[in-house]
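Please keep the sequence and the structure in view while reading.

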Amino acid sequence: MEDMVRKSRWATGLSPADLEHVLGSMQERQFARGACIARAGQRVEHWMGLIDGFAKMSVASEEGRVSTLTGVSHGVWFGEGSLFKHEARRYDVFALRPTRVALMPRRTFEWLRGTSVPFNHYLQDLLNARLSLFIGALEHERLLDTDARVANCLASLFNPDLYPDAPRFLEVGQVEIGLLANVSRQRVNVALQRLQALQLIRLEKRGLTVLDLGGLVNYKANDTGAPPVRCA
């Protein structure tokens, strides 16, 4: 946990004494594959960071329908919005593989907000990046075909503001990608084969390697070609 915290972008702006104070207040928890890391409706008492592993944020209807919001990989911090608003968590977080999580208590989070300008700048950048991510995801869901949704889903896991140290190799399976892109595993397989044929990715035994991140970001296969609607 300590190594992950020290490498976090917000931690580099703290004095050594302040960083040691933060580390002394934190805890670490481990979760098995499929375990619930955080439950919708619970009171939020910690800011969370993924030390290693992979998780998903999702919401569920009363009828049991589940929609995945985004993936969470190592180095990502989340849950600040509910801490800001002192409200219950509005989404579930499930481990998609064995995962370790760092927990920063609310009192430490609030202390940093009240004393550290770099920490507040980091939170502003994080919230802006997360807003852009969800706006893009909504756009992709409504306007792009399945291949492009898979491509953009993969690209989102390399967002430099959310995943500043993400390696080009991503240890992720087709089932996990399907959950994140809201498409079937079989359709994910077809999309990945096409992306590999275009030399945007290389499929590996335990995941995939991104060869052309810009190509994934801009991939829009089978676009209708219709002109964009513009405001008068």
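A search of the whole structure, which is a predicted model, finds nine aromatic pairs.

**Aromatic pairs**

- Trp 10 and Trp 77 form an edge-to-face pair, with 5.5 Å from centre to centre and 80 degrees between the planes.
- Trp 10 lies in the loop between α1 (2-7) and α2 (16-25), whereas Trp 77 belongs to strand β6 (residues 77-78), so this pair ties together parts that are 67 residues apart in sequence; both Trp 10 and Trp 77 are buried.
- The pair of Trp 47 and Phe 119 is likewise edge-to-face, because the ring centres are 5.5 Å apart and the planes stand at 90 degrees.
- Distant parts of the chain are linked by this pair too, since Trp 47 is in strand β3 (residues 46-52) and Phe 119 in helix α5 (residues 117-143), 72 residues apart; both Trp 47 and Phe 119 are buried.

**A buried glutamate**

- Glu 80 is found in helix α3 (residues 80-85), and with a relative accessibility of 2% Glu 80 counts as buried.

**Helix α7 and its contact with α8**

- The axes of α7 (residues 174-181) and helix α8 (residues 185-197) come within 8 Å and cross at roughly 100 degrees, which means that α7 is roughly perpendicular to α8.
- On the α7 side the contact is made by Gln 174, Val 175, Ile 177 and Gly 178, and on the α8 side by Arg 185, Val 188, Asn 189 and Leu 192; by class, these comprise four nonpolar, three polar and one charged residues.
- The buried residues of α7 are Glu 176, Ile 177, Gly 178, Leu 180 and Ala 181, with Ile 177 and Gly 178 also taking part in the contact with α8.
- Just after α7, Asn 182 takes a positive phi of about 60 degrees.

**Cysteines**

- The structure holds zero disulfides.
- Cys 36 is partly exposed, with a relative accessible area of 25%, while Cys 153 counts as buried at 9% relative accessibility.

Key: Residues numbered from 1 in each chain as written. Predicted model: local features only at pLDDT ≥ 70, side-chain atom pairs only at ≥ 80, totals over all residues. Heavy atoms only, no water. Disulfide = S-S within 2.5 Å. Buried < 20%, exposed > 50% of the residue type's maximum accessible area, 1.4 Å probe, protein only. Helix = DSSP H or I, 4+ residues; strand = E, 2+ residues; numbered from the N terminus. Axes fitted to C-alpha atoms, helices over the stretch in contact; angles between N-to-C directions. Parallel < 35°, antiparallel > 145°, perpendicular 65-115°, else oblique. Contact = heavy atoms within 4.5 Å. Nonpolar A, V, L, I, M, F, W, Y, C, P; charged D, E, K, R; others polar. Phe/Tyr/Trp six-rings, centres within 6.5 Å; stacked < 30°, edge-to-face > 60°.
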